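Below is a set of questions and answers about one protein chain. The sequence and the structure come first.

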Amino acid sequence: MATNLIDSIGKTPLVSLCTPNVHAKLEMLNHFGMKDRVAKNILLQAKMDGTLSPGDVIIESSSGTMALGVAMVGTALGHEVIIVTDPRIDPLTMIKLKALGADVHVVERMSESGGWQGARLDYLCELFTIYPNHFWPKQYENPHNPGAYQSLADELMNELPAIDYLVGAVGSGGSLGGIASHLKVKHPSLKVIAVDSVGSILFDQPLKSKRLQGGLGNSIKPKNVQYGLIDEVHWLNDNEAFESSIRLANREKIFAGNSSGSVYTVASWVGKKAGPDKTVVAIFPDRGDRYQDSVFNEEFWKDHGLNHGSIPSEPTMVLGQEEVKTWSYVKWNRKERKNHETQYPTIHRV
């Protein structure tokens, strides 16, 4: 039995899906989602090394599960927590943050070069001058973000004798890289499949700041994206991601958000293509309750011109930096990996 709420984070269920060789790790069943692990690891490590001192204000940028994890763990440790977010935050997440005791600041307009994430990071810098005794978790570049997933990788290795493919969404980059790097110690031939959104710049696509998806994709390139571990990248557009979430609920009885839905579509395809003797693990990070007014709302679909039946039976394979608009994928070769690892510097915002 866990001695407190923080200690109870993790140990989430692993379930088999309708495609028998595909197994889903239900990180959505942490208290608020997968980022509970990150908030726990970053804040406890900061307490241990002294970078988070008694009385410090914790300030972080997030529009979703990282905000909730930081609010839960930070306030449980006795700290004031300020969350900087943007207008895309859903009403339920806002209610939860306020109930947890967080102070929420919403930026009014996006940055011309960095989208909403850039605008939030700019606003953080202003808050740092107001609160000189602060701690910034820096989820985009803090090594304790990917480090938080060693426990998840250990759980998977205890539950499955072999893991051939890992499929996960990419946002800050911590989860996929963190899980993969630990799994590869025991499973060096592991294939890592990244799932991104159309309109995200993480893998050299043009920025579309008004995309509807939340929880994956990015308008900046965080240091924690470990390009050298990735074998294949898939992109789904908003319509395909939303419909994937509805399929996941209908077929698998898992009520989850669009990150989990996109991962589900890709992992199911990978599992069928790889064959029954290969084991595929899919990471489902977010549950569906915060998407009741978007993904699971027919009026929202009508207002945004979304249509059912949008997911193709096969993704389109693209080469190089070809712009994608529907479910597509690219093989991530060694030369491209090396170029990406040396191209993107640490985000310096302090």
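**Fold, packing and single residues**

The protein chain has 11 helices and 12 strands. The model is predicted.

Q: What is the radius of gyration of the protein chain, and what would a compact globule have?
A: The C-alpha atoms fill a box of roughly 55 × 45 × 40 Å along the principal axes. For 350 residues, a compact globule would have a radius of gyration near 20 Å. The protein chain agrees with that value, because its own radius of gyration is 19 Å.

Q: Among contacts between residues at least 6 apart in sequence, what percentage join residues at least 24 apart?
A: Of the 350 residues in the protein chain, 58% are buried. Of the contacts between residues at least 6 apart in sequence, the share that joins residues at least 24 apart is 70%.

Q: How many disulfides does a search of the whole structure find?
A: A disulfide is a covalent bond between the sulfur atoms of two cysteines. Cysteine 18 counts as exposed because its relative accessibility is 54%, and cysteine 125 counts as partly exposed at 25%. The number of disulfides found in the whole structure is zero.

Q: Is α2 roughly parallel or roughly perpendicular to α3?
A: Helix α2 (residues 65-76) and helix α3 (residues 91-100) have axes that come within 9 Å and cross at roughly 10°. Angles under 35 degrees count as roughly parallel, so α2 is, relative to α3, roughly parallel.

Q: Which residues in α3 are met by α2?
A: The contact of α2 with α3 has six nonpolar, two polar and one charged residues. From α2 come Ala67, Leu68, Ala71, Met72 and Thr75. In α3 they meet Thr93, Lys96, Leu97 and Leu100.

Q: Is α8 roughly parallel or roughly perpendicular to α9?
A: The axes of helix α8 (residues 238-252) and helix α9 (residues 258-274) come within 7 Å, crossing at roughly 80°. Because angles of 65 to 115 degrees count as roughly perpendicular, α8 is, relative to α9, roughly perpendicular.

Q: How many residues of the contact of α8 with α9 are charged?
A: On the α8 side, the contact includes Phe242, Leu248 and Arg251. By class, the contact divides into four nonpolar and seven polar residues, and the number of charged ones is three.

Q: What covers the buried residues of α7?
A: In helix α7 (residues 174-186), the buried residues are Gly174, Ser175, Leu176, Gly177, Gly178, Ile179, Ala180 and Leu183. Their cover includes α5, α6 (150-159), β7 (165-169), β8 (191-197) and β10 (280-284).

Q: Is lysine 138 exposed or partly exposed?
A: Lysine 138 lies in the loop between β6 (134-135) and α5 (144-147). Its phi is positive, about 50°, although it is not a glycine. Because its relative accessibility is 28%, lysine 138 counts as partly exposed.

Q: Is lysine 253 exposed or partly exposed?
A: The loop between α8 and α9 holds lysine 253. Lysine 253 is not a glycine, yet has a positive phi of about 65°. With a relative accessibility of 64%, and because over 50% is the cut-off, lysine 253 counts as exposed.

Q: What distance separates the C-alpha atoms of aspartate 204 and aspartate 164?
A: Aspartate 204 is in the loop between β8 and β9 (232-236). Its relative accessible area is 21%, so aspartate 204 is partly exposed. Aspartate 164 is 40 residues apart from aspartate 204 along the chain, and their C-alpha atoms are separated by 27 Å.

Conventions:
Residues numbered from 1 in each chain as written. Predicted model: local features only at pLDDT ≥ 70, side-chain atom pairs only at ≥ 80, totals over all residues. Heavy atoms only, no water. Disulfide = S-S within 2.5 Å. Buried < 20%, exposed > 50% of the residue type's maximum accessible area, 1.4 Å probe, protein only. Axes fitted to C-alpha atoms, helices over the stretch in contact; angles between N-to-C directions. Helix = DSSP H or I, 4+ residues; strand = E, 2+ residues; numbered from the N terminus. Parallel < 35°, antiparallel > 145°, perpendicular 65-115°, else oblique. Contact = heavy atoms within 4.5 Å. Nonpolar A, V, L, I, M, F, W, Y, C, P; charged D, E, K, R; others polar. Rg over C-alpha atoms; globule rule 2.2 N^0.38 Å.
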